[in-house]
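Let's walk through this structure together, one piece at a time. Keep the 3D view open as you read.

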Amino acid sequence: MRKPFIAGNWKLFKTIAESVALVTELAPLVATANGVEIVVAPVFTSLSCVADAIAGTEIKLAAQDCYWEEEGAFTGEVAPRLLKDAGCSHVIIGHSERRQYFGETDGTVNKKTAAALAAGLVAIVCVGETLAEREGERTFAVIESQLLGGLAGFAEADFSRIVVAYEPVWAIGTGKTASDAQAQEVHLFIRELVTRQFGQATADGLRILYGGSVKPDNVKGLMAQPDIDGALVGGASLKAESFAAIATFNV
Ligand code: PEP
């Protein structure tokens with residue numbers, strides 16, 4: 001069965017001291033989590049200190065992005081192996097904010113995901129439609145091209161270290177969550193697409209997270225859907241109490 005997965009994306013919030021304080025407060029609150037994989041994604045500058053602070057806890061560490069080269073003249077970029085070196089086990093790739101503001105494309109998502117896997121990281125690959133795309137009834141077409149483009153060339157074996165996050169752009173940071181049924185419909189579509197492209201066993205094992213204004217009061221309904229295996233949480237992950245309430249949804 002698929003292990004539930006709850007990840008907190010801290011975006012561009014929190015100093016090193018604030019990041020360490022947050023995980024220090026979070027760790028005892030999620031110690032009772034029931035078979036849930038828990039990941040936090042601070043800004044790059046906090047990664048190493050947060051890695052030290054979560055040592056010996058069940059919390060794992062993700063970066064919010066990476067580059068695809070191992071080293072070289074690429075000013076400002078961070079290679080997956082350096083994220084590993086800083087204590088990361090996971091990396092978020094293709095978040096809609098990176099697509100919207102920083103020119104991320106399905107092609108760069110593909111290269112970054114390949115590099116992340118090569119470095120031994122788990123890649124959390126994000127897809128999601130905008131409001132205009134949903135209203136234009138292009139949701140499934142958009143998800144299909146993002147997923148097939150982002151994951152082109154991967155083999156079934158790679159999927160043991162790939163997690164997909166479905167994040168409708170209109171629901172991120174807006175307080176508008178997709179309904180349980182809207183989210184489930186797209187998650188099922190993703191699983192069927194992965195079945196067609198990569199086989200039934202790969203699809204059955206793939207964890208598909210929902211992201212978009214997940215809060216303590218809506219997580220249970222979402223997690224009750226058969227194809228929703230976890231959540232990628234932005235705003236509500238910035239406070240220990242609300243993120244812990246989400247991560248312990250099944251206690
Ligand atoms: C996110 O940043 O991935 C996200 C889903 O944000 P929020 O939970 O604030 O909508």
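Angles between axes under 35 degrees count as roughly parallel, over 145 as roughly antiparallel, 65 to 115 as roughly perpendicular and the rest as oblique. The model you see is predicted, so local features need pLDDT of at least 70 and side-chain atom pairs count only at pLDDT 80 or more, while totals for chains, interfaces and linings use all residues. Residues are numbered from 1 along each chain as its sequence is written, and side-chain values use heavy atoms, leaving out hydrogens and water.

Start with helix 1 (residues 16–29) and helix 2 (residues 47–54), which pack at an angle of about 25° with their axes 9 Å apart. Helices here are DSSP runs of H or I with at least four residues, numbered from the N terminus. Axes are lines fitted to C-alpha atoms over the stretch in contact, and angles run from 0 to 180 degrees between N-to-C directions. Helix 1 and helix 2 are therefore roughly parallel to each other. Helix 1 passes helix 2 in a right-handed crossing, meaning that the near helix is turned clockwise from the far one by less than a right angle. On helix 1, the contact (heavy atoms within 4.5 Å) is made by Ile16, Ser19, Val20, Val23 and Thr24, and on helix 2 by Cys49, Val50, Ala53 and Ile54. By class, that contact of helix 1 with helix 2 has seven nonpolar, two polar and no charged residues. Ala, Val, Leu, Ile, Met, Phe, Trp, Tyr, Cys and Pro count as nonpolar, Asp, Glu, Lys and Arg as charged, and the others, Gly among them, as polar.

Helix 1 also packs with helix 11 (residues 240–247), at an angle of about 35° and with axes 9 Å apart. Their crossing is right-handed. Here Leu22, Glu25, Leu26 and Leu29 of helix 1 meet Ala240, Glu241, Phe243 and Ala244 of helix 11. This contact has six nonpolar, no polar and two charged residues.

Now find helix 7 (residues 139–150) and helix 8 (residues 180–198), whose axes come within 11 Å and cross at roughly 45°. Helix 7 and helix 8 are therefore oblique to each other.

Finally, look at the ligand. Of the 14 residues around the ligand (a heavy atom within 4 Å), Lys11, Glu167, Gly173, Ser213 and Gly234 come nearest. A polar side-chain atom of His95 lies 2.8 Å from an oxygen atom of the ligand. Backbone atoms take part too: a backbone N or O atom of Ser213 lies 2.8 Å from a ligand oxygen atom, and a polar backbone atom of Gly234 is 2.8 Å from an oxygen atom of the ligand.

Note on methods. Helices (H or I, at least four residues) and strands (E, at least two) are DSSP runs, numbered from the N terminus. A polar contact is a pair of N or O atoms within 3.5 Å; within protein, one must be able to donate a hydrogen and the other to accept it, and residues adjacent in sequence count only if both atoms are side-chain atoms.
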